[in-house]
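Open the model in your viewer and keep the selection tool handy.

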Number of protein chains: 2
Amino acid sequence: MEPVAPPRRVTIIDVAAHANVSTTAVSKVIRNAYGVSPAMRERVTAAITELGYRPRTAARGMRGQTYTIGMMLPDLRNPFFPDIVDGFVQQLDGTDYQVLLGTSFCGHEPESRVTDALIDRGMDGMVLVAPTATRAQLNHTAETVPMVVIGRHTRSAHHDTVVDDDALGAALIVDHLADLGHRRIAHIEHRENDATLAVEMPNSVRAEGYRRAMRARGLTDQIDVVSTSYTEEGGYSAAQRLLNRSTRPTAIFAGADIAAMGVLTAITEAGLTVPDDISLAGYDNTRFAAVGPIGLTSVDQAGRQIGADAAALLLQRIADRDRASAFVSTSPRLVVRRTTAPPPA
Amino acid sequence: MEPVAPPRRVTIIDVAAHANVSTTAVSKVIRNAYGVSPAMRERVTAAITELGYRPRTAARGMRGQTYTIGMMLPDLRNPFFPDIVDGFVQQLDGTDYQVLLGTSFCGHEPESRVTDALIDRGMDGMVLVAPTATRAQLNHTAETVPMVVIGRHTRSAHHDTVVDDDALGAALIVDHLADLGHRRIAHIEHRENDATLAVEMPNSVRAEGYRRAMRARGLTDQIDVVSTSYTEEGGYSAAQRLLNRSTRPTAIFAGADIAAMGVLTAITEAGLTVPDDISLAGYDNTRFAAVGPIGLTSVDQAGRQIGADAAALLLQRIADRDRASAFVSTSPRLVVRRTTAPPPA
DNA sequence: ATGAAAGCGCTAACAA
DNA sequence: TTGTTAGCGCTTTCAT
């Protein structure tokens, strides 16, 4: 028995022949387009079912639509991102769109490569989560394809934007810690070298919000920011540095829960206890913050809602590319758990 | 100023015209195909750069290749999966392939929908992580597109398979706990209703490995399995049930770290302490297991290696679809931390 | 080594 | 309402 060639895929032509109609009719039926009689629709639908026909996206893509939405995530390890994805996907449930994720793993697949790859694949729409591209690049992309940006603090006429009020969130933490009596409150930020980006990226806005809140509480001389990345390793190494200070902070505010996890490890290894020896707060209120023995004080930024908002905006933009752009800012909420307490006496 | 139409994308024809050559020549250059003089290559490359040309995947897809590999993940929240993705993507680094992720979020976007969507989008290859499709479905898919399956304990002539020896991993935990003196060791499994699938799914194999190991240690009458899902919520509710038993277990073996996190929360809420009151072990050795205050005893199954192996196999299969299929089984490793200790006296 | 031209499977403009 | 047909941007014979 010789190897059987993989059976050719069923095309619109097969369906048309099987139903004794034109390919146009079939095309109209699968697109729910205007101008098909009920009888025609029924015949075609029957043929489609019988033959198990599914349109090839590449062919449709040649004519404009791929029914695919691309999502760019900077990092799959940060447990906050799945919340966004979840809200996004759920909002799209019931539509014809399929969400595909591209991820620029910590740099060894640069963001622009992923974004370009998504464009080259003819996405009908794109969502970029905390992109580090320049404004010009973002606008350029947005002129090519309907786009929503999550996390960047910039208004653009070309794309919609959904952000959390990161400055407020940071202030919530600083005020909470200051109210508890802390003065030496350190912050761990995700490094941002580009000065232009710094005013727009969520990580930088949190850091700046921290500084401002510290000043507002009269703690200007206590401002202490360590730059690393929003990863466990980043939090770990940053905490090591902080714990080695001659006078170590009584509280650490990590800009992301994922970094706070690394901080916890470093604190534990140093033989210290949270919150007796040192207080710790995170950001994002990921599910891991709620885990029993951790009980991390954090800031909730409703990732699912952010994702859902982004999806709704993207659908609108796909429907009308020229509609005025929206800028949605959601309010964060402080979630106090057991990692924050008054400083040791 | 009227709204400017989005500039038409640069095509191969533009490049050909700009370089004064045929489109064939351009095509050959971008594919590194045989039969291009150095001079020709240089001219074309220059034109491509100058015009910023990038081929449209849809058009290439019409002729066979999309340079895209689809990855189906069952759940983005399980922190073990990013490890696999990471290894996979890194192995593909330097090739022309782009990895795109489809995810079937906890069922509200069923697995088959995602798989079909990836096929319809003309993926050059696919990786399915812990798919729940029937063998027949998997084989059918594999006849359509080069495919690697991660996690299923079945040999197939049509696709390659990469698995962890889950039975051994489960035994490592049971033996470890039994050696510590535990007898009432409960297991939390990810439910599998289909009896046929049960012998193939990693979750079921872990549960069966647990049972076998218990019997081998003479603990047959202590076998206690709670079925939920490998999620935090699943672990949480399962633990609640276990802690309400008239005689509660002295140790819990959660089939996944993510479930163990929920168990920790339940234990904490019950006012119990780990490992003094009760021991806990997980599986996957995710990064969260290592976090300081947790220190979860777990089983390492080298997700990055699994991902890398899968990628290597997939590349081979794309190059030669008829090559004999491989079945790679990796050995798990016990990682003892601080959540396991002898049972209370 | 190079180029002309057919065609992949759809959609949409136009005819009937 | 229904069908005919011209492409979309590539790749790939097949000539030259």
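Start by selecting α13(A): G303(A), I306(A), G307(A), A308(A), D309(A), A310(A), A311(A), L313(A), L314(A) and R317(A) are buried there (20 or more other C-beta atoms within 10 Å of a residue's own, C-beta atoms being placed from the backbone). This is a predicted model, in which local features need pLDDT of at least 70, side-chain atom pairs count only at pLDDT 80 or more, and totals for chains, interfaces and linings use all residues. Residues are numbered from 1 along each chain as its sequence is written, while chains are lettered from A and ligands numbered from 1 in the order in which they are written.

Stay with α13 (residues 303-319) of chain A: its 17 residues reach 24 Å from first C-alpha to last, close to the 24 Å expected at 1.5 Å a residue (1.5 Å times one less than the number of residues). Helices here are DSSP runs of H or I with at least four residues, and strands are E runs of at least two, numbered from the N terminus.

Next, show both chains: 51 residues of chain A are in contact with 51 residues of chain B (C-beta atoms within 7 Å). Colour α12(A), which gives the largest share of chain A's side, 6 residues.

Finally, show DNA strand C, which 27 residues surround, the closest being I12(A), S27(A), R63(A), S22(B) and M62(B) (near means a C-beta atom within 6 Å). Highlight α2(A), the source of the largest share of this surface, 5 residues.

How values were computed:
Two residues are in contact if their C-beta atoms, placed from the backbone, lie within 7 Å. A residue is buried if 20 or more other C-beta atoms lie within 10 Å of its own, exposed if 12 or fewer, and partly exposed in between; C-beta atoms are placed from the backbone.
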